[in-house]
Amino acid sequence: MELFYLIVFGGLAVVVATMELSKNNKDRITTSSAFNSFKNNYLLVYSLMMAGDWLQGPYVYYLYTTYGFDKGEIGQLFIAGFGSSMLFGTIVGSLADKHGRKRASVTYCITYILSCITKHSPQYRILMVGRILGGIATSLLFSAFESWLVAEHNKRGFEQQWLSITFSKAIFLGNGLVAIVAGLFGNLLVGSLAMGPVAPFDAASIFLAIGMAIILASWTENYGDPSESKDLMTQFRGAAVAIASDEKIALLGAIQSLFEGSMYTFVFLWTPALSPNGEDIPHGFIFSIFMLSSMMGSSLASRLLARASIKVESYLQIVFVISSASLLLPVITSFLVAPSKQRGGSITFAGCIQLLGFCVFEACVGLFWPSIMKMRSQYIPEEARSTIMNFFRIPLNIFVCIVLYNVSILS
């Protein structure tokens, strides 16, 4: 493996370890043993859920290319996933509020396992079904689990500020450490063990099944508004009225949709950006580098969230500016560095610069997640939490679908 990747990975690892080990009392919040037990159970489940998601991430695009699909066809498959999340996401979010967040979490596991199974087929229609199932699962992942956590946290009478600990730890572990291990494990399965690009999807199914067993055994059910008189349309109208009547909820939805829109576009485009001429890049290892960057951001977020004097609304403005600047690097390097015409080979100098910029963006993603979770817990009403959170995903999915629909004509 090229020395450049190892240097970047090692440097980030040292920074993250230093940040974690140097935390003092001001960076920590004193909690109870009952809360710690509750938090650890949630973190275990969340980490397993994210392991099932992250194992797939680096290999979706690659798997489709091995089946012989071009960038336009792959874009259509991705559109199916985001379109599915947009069409069905709000419905499953409302069902989670009405029929239970635990049931919705179990449904996520089953749906995503079925999506993984479809990856064994090279047939376009079956892969399309898998993407639709994956879109539904994604909606549940980013609404049902957080909704269950917030409701259960409040039901058990824990202090509100303690939520920020669970949020930051969940991102540090589930979106950081677990993602790194998943990336390396996926690299081992596909590269060293030569088990093929479908192997990570099979491994993801196993982790999802284990997580589902823990949910069934240890979680209690909670609801938003389980009233029998409220059908889906009534829930939708209630969520829409809440968004329209409270400017802060509407702005929170816009902030989330815009940032996540750039993030999901980045997920699709980082592979062709770093290897525009088919350069040989270690997808799993690069993915681990990105997740290590995300860990650095979430570690910083935990410090900021522990200080009551620092407002999330203030420092997120800086995060958005830095994120925007980091994603300008591919544009800048295309003007300053002459593009290579040679096919294959190792990553180019321009690719190295872009990789460093992408690491900065991923650090901002690590800062964003626990911060936006904290804001959602403050501003979104409990009775329609999952429904409103999935409402936020509608403009996000429209934005990403428009980008992916036109991806074949974009450089």
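At what angle do H11 and H12 pack, and how far apart are their axes? The model is predicted: local features need pLDDT of at least 70, side-chain atom pairs count only at pLDDT 80 or more, and totals for chains, interfaces and linings use all residues. Residues are numbered from 1 along each chain as its sequence is written, and side-chain values use heavy atoms, with hydrogens and water left out.

**View 1. H11 and H12 pack at an angle of about 125°, with their axes 12 Å apart.** Helices (H or I, at least four residues) and strands (E, at least two) are DSSP runs numbered from the N terminus. Axes are lines fitted to C-alpha atoms, for helices over the stretch in contact, and angles run from 0 to 180 degrees between N-to-C directions. H11 and H12 are therefore oblique to each other; angles under 35 degrees count as roughly parallel, over 145 as roughly antiparallel, 65 to 115 as roughly perpendicular and the rest as oblique. H11 passes H12 in a right-handed crossing. A crossing is left-handed if the near helix is turned anticlockwise from the far one by less than a right angle, and right-handed if clockwise. H11 makes the contact (heavy atoms within 4.5 Å) through Phe266, Trp270, Thr271 and Leu274, and H12 through His283, Ile286 and Phe290. By class, these residues are five nonpolar, two polar and no charged. Ala, Val, Leu, Ile, Met, Phe, Trp, Tyr, Cys and Pro count as nonpolar, Asp, Glu, Lys and Arg as charged, and the others, Gly among them, as polar.

**View 2. The axes of H12 and H15 come within 7 Å and cross at roughly 40°.** That angle makes H12 oblique to H15. The crossing of these two helices, H12 and H15, is right-handed. Their contact has 15 nonpolar, five polar and two charged residues.

**View 3. H13 (residues 312–326) packs against H15 at an angle of about 150°, with the axes 9 Å apart.** H13 and H15 are therefore roughly antiparallel to each other, and their crossing is left-handed. On the H13 side the contact includes Val312, Tyr315, Leu316 and Phe320, and on the H15 side Phe361, Leu367, Phe368 and Tyr379 are among the residues. The contact of H13 with H15 divides into 13 nonpolar, five polar and two charged residues.

**View 4. The largest cavity holds about 720 Å³ of space.** On a 1 Å grid over the protein atoms alone, a cavity is a set of points where a 1.4 Å probe fits but cannot get out, and lining residues have an atom within 4 Å of a point. Grid points are joined across faces, edges and corners, and a volume is the space filled by probe spheres set on the points. The structure holds three cavities of 30 Å³ or more. The largest cavity is lined by 36 residues, and Asp53, Trp54, Gly57, Tyr264 and Val267 lie nearest its centre. Among the elements that give two or more residues to this lining are H2 (33–54), H11 (247–274), H12 (283–305) and H15 (349–379). H11 supplies the largest share, seven residues. The lining has 20 nonpolar, 12 polar and four charged residues.

**View 5. The second largest cavity holds about 110 Å³ of space.** Its lining has 15 residues, of which Tyr42, Tyr46, Leu141, Glu146 and Met373 lie nearest the centre. H2, H7 (144–155), H8 (163–192) and H15 each supply at least two residues of this lining, and H8 gives the most, with five. The lining of the second largest cavity is made up of 11 nonpolar, two polar and two charged residues.

Definitions and conventions:
On a 1 Å grid over the protein atoms alone, a cavity is a set of points where a 1.4 Å probe fits but cannot get out, and a pocket is an open set with protein on both sides within 12 Å along at least five of seven lines; lining residues have an atom within 4 Å of a point.
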